[in-house]
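Subject: Structure for your review

Dear colleague,

Please find the structure below, followed by an account of what was found in it. I would be grateful if you would read the two together.

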Amino acid sequence: MAEFSSCVAGVRLSARDRATALRLGNGNISQGVRYALRFAADERATVAPLSEILRSAARMAESLEQKQKA
C-alpha cells in the first residue's frame, strides 16, 4: 500500500552506507535509503530512472522560483 504523505528525516550515514545509498538510488541518497527500507520491509522496490528524478527536481525548482517571484 502506497503512502502519499511524507516527512523529512535527517539521518547520519557512514561513508560506506552513503556510498551504498548513492548506488541503490542511482546517485540519489534519499532514493537509495527509501529503496533499502522497502527492500528490508519485503515490499516491491523499484529505483526511479535518473531522468525521472531530474525531471521531478526541475519541476520542483521551477515551482520554488515562481513562489519567490510572487
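The accessible surface of the protein comes to about 6300 Å², and 54% of that surface belongs to carbon and sulfur atoms. Accessible areas come from the Shrake-Rupley method with a 1.4 Å probe, and for residues only the protein chains shown count as cover.

Please note that this is a predicted model, in which local features need pLDDT of at least 70 and side-chain atom pairs count only at pLDDT 80 or more, while totals for chains, interfaces and linings use all residues. Residues are numbered from 1 along each chain as its sequence is written, and side-chain values use heavy atoms, with hydrogens and water left out.

Overall architecture

The protein contains three helices and zero strands, and its pattern along the sequence reads α-α-α. Helices (H or I, at least four residues) and strands (E, at least two) are DSSP runs, numbered from the N terminus. Of the 70 residues in the protein, 9% are buried; buried means under 20% relative accessible area, exposed over 50%, and partly exposed in between, with a 1.4 Å probe and protein chains only. Among contacts (heavy atoms within 4.5 Å) with a separation of 6 or more, 9% are between residues 24 or more positions apart.

Helix 1 and helix 2

Helix 1 (residues 15–24) packs against helix 2 (residues 29–40) at an angle of about 90 degrees, and their axes are 7 Å apart. Helix 1 is therefore roughly perpendicular to helix 2, a term for angles of 65 to 115 degrees; those under 35 count as roughly parallel, those over 145 as roughly antiparallel and the rest as oblique. The axes are lines fitted to C-alpha atoms, for helices over the stretch in contact, and the angles run from 0 to 180 degrees between N-to-C directions.

On the helix 1 side, the contact is formed by R18, A21, L22 and L24, which meet I29, G32, V33, Y35 and A36 in helix 2. These residues divide into seven nonpolar, one polar and one charged. Ala, Val, Leu, Ile, Met, Phe, Trp, Tyr, Cys and Pro count as nonpolar, Asp, Glu, Lys and Arg as charged, and the others, Gly among them, as polar.

Individual residues

A21, in helix 1, counts as buried at 6% relative accessibility. Not counting residues up to four places away in sequence, A21 touches N28, I29, G32 and V33. The C-alpha atoms of A21 and Y35 are separated by 8.4 Å, and these residues are 14 apart along the chain.

N26 lies in the loop between helix 1 and helix 2. Although N26 is not a glycine, it has a positive phi of about 50 degrees. N26 is partly exposed, at a relative accessible area of 40%.

Q31 belongs to helix 2 and is buried, with a relative accessible area of 9%. The side chains of Q31 and R34 are joined by a polar contact of 3.0 Å.

I53 is in helix 3 (residues 50–69) and is buried, its relative accessible area being 16%. Leaving aside neighbours within four places in sequence, I53 is in contact with G25, N28 and A48. I53 and N28 are 25 residues apart in sequence, with 8.4 Å between their C-alpha atoms.

A polar contact, as used above, is a pair of N or O atoms within 3.5 Å; within protein, one must be able to donate a hydrogen and the other to accept it, and residues adjacent in sequence count only if both atoms are side-chain atoms.

With kind regards
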